[in-house]
Amino acid sequence: MTTEPPASLAPALPAPRSAPAGGSVPAGPRHGFVAKAFGVTAVLTAAGSALGLLRDLLLATFFGADQGTDAFLVAWTVPETAAPLLIEDCMAFLMVPAFSLALVLREERPDGPDPVRQLARATLPRLLLVLCAVTLGVALGAPWFVGLLAPGLADPDLAVACTRITALTIVPFGLAGYLGAALRAHHSFTAPAGIYVAYNLTILVALLTGHDRLGVKAAAIGVAAGSLLLAAVVAVPTGRLLRRGRAASRSPLAGQGLVLIPLAVLPVVAFTLTRQAQVFIERYLGSALPPGSISHLNYAAKVSQLAMTVAILLVTVTFPLVARALAAGDLDAARDRVEKDLGQGAALVLLGTAFLLACAPSVVALLFQRGAFGPQDTAATAAVIRVYSFGLPAQALIGVMIRPYFSLRPVVRRAGDPDGDDGGRRLLDWYPVAAMAVGLGVTAAVGLLATPRFGALGLAAGNAAGITTTAALLLRGLVLRGIALRLRKVLGGHARLLAAAAGAVALGTPAAGLPADPLLSTLLGGATVALAFAALGTGLGAREVRGPVLAAVRALGPSPVADEGNLPHG
């Protein structure tokens, strides 16, 4: 396979710039910035995930899995869709590059009006108007929304009430995504990484104080209140940053040397919504199953997604390296980094997948089986986790691939630069949406065929089949986009990791079945899976496993020099 990018894409990649006359190149991140940013992000993300898991544990303990939790989870679709759309994906892809370029222009024109404040003045009020309109539409259309999403729901009135409450999250989520993008562009990561800590803490307080009087509505109120605190966490430091900037002129944004291309965000929005539509399909088909089925699917999905957390954190930190290489037109460096991310991400998620396949019953019993959540719920949730797990590698790989794919589409440019917006480029912008649409078709088809016989397991199988289809298509799409992955090398490495994971499951499953106690079962099964994956991956020559294992052996083993010094003399 050729490593040359398609000729039509070459003009769209920006060439490196020289320093402006009379100015200096804007300072880059300090030494150790990436390691520090990763550390801060990892710790706060882990804390937010742990609190989110505790939130789900309390929900299961207080309410179990019944028609009430099903109604709440239908309403939960609103913040569940708004978070990736407004905080994680679309807003980041649009506003991080925009604020970054504004900062460059500020450095180049130290005596002019501040383009950062000008950008905020030009875009934030319009964003808030759109968010308010969407909030009002969701609140008024809640009965239609619930009827469309879950027509067979046992308690639609409760779902409508909870949906109207959770609709209040849209404005704070959008504001948090916008302000968080501004902070990250300023190399400030602590507040953006800590938003979910504040969010989940608020939900926990609402559940603990209101579950007796308000029932599952307490969770919905906690979600709405938590979104307000989430936005406040990033609003305070962003306000300080903007106040430190120079005054903004009232001239048009192009007068500051900056041109936004708003339509470029449409493919990102469409992809995020189509990806989230997997949940819509599950809720729609699951509403016709026995009460509690949607809840089992939700608990299983939350546990399964923990296996992807580290892989996604890795991509979050390395994405700026890929974006910088692409901005400089260095496709080889971008390809090398993406290939490395694909391998490391696959290794991390396959280790987590093997653990879940081997230890799902003990993990669910350890986490959830208390209060209203009984042994039958444990068995049903564990079975869904095992089926879901087959799609986890594809979920992680999509997270790796979609970032460099969309970073090739300019969402902001200097006023004097050509837009490079040819028809072929615009068509490729929509390739991920088409890939996700095909995956959704597979999800729906498998779900419709398998659900009547297998229930929730059929829905989980549809999810895994659909997302795997999308990942395969996106792998090809990156090559078409101009990042010429060496597919034989990538797929060969993944085959070794997959074989190591399969062997780890085969050894870990019987080990996890030996102890009756869930904690001991989880520990023994998990240790067996980890050791087997490390040994098999090393033996099979998987670089992502062999390197860390040999490094650990060298670090733990005795030093040859020390051994010689300790030998007896004479």
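**A helix end, a bend and a packed pair**

Guide: Gly215 comes directly after H9 and has a positive phi, near 65 degrees. This is a predicted model, in which local features need pLDDT of at least 70 and side-chain atom pairs count only at pLDDT 80 or more, while totals for chains, interfaces and linings use all residues. Residues are numbered from 1 along each chain as its sequence is written, and side-chain values use heavy atoms, without hydrogens and water.

H9 itself covers residues 190-214, 25 residues in total; helices here are DSSP runs (H or I, at least four residues), numbered from the N terminus. From first C-alpha to last, H9 reaches 34 Å, close to the 36 Å expected at 1.5 Å a residue (1.5 Å times one less than the number of residues). At Leu208, H9 bends by about 40 degrees, the angle between axes fitted to the seven residues ending there and the seven starting there.

Elsewhere, H14 (residues 331-368) and H20 (residues 487-512) cross at roughly 20 degrees, with axes coming within 8 Å. The two helices are therefore roughly parallel, a label for angles under 35 degrees. Their contact (heavy atoms within 4.5 Å) includes Leu342, Gly343, Ala346 and Leu350 of H14, and Leu497, Leu498, Ala501 and Gly508 of H20. Counted by class, the contact of H14 with H20 has 15 nonpolar, four polar and two charged residues, with Gly taken as polar.

Definitions and conventions. Axes are lines fitted to C-alpha atoms, for helices over the stretch in contact, and angles run from 0 to 180 degrees between N-to-C directions. Angles under 35 degrees count as roughly parallel, over 145 as roughly antiparallel, 65 to 115 as roughly perpendicular and the rest as oblique.
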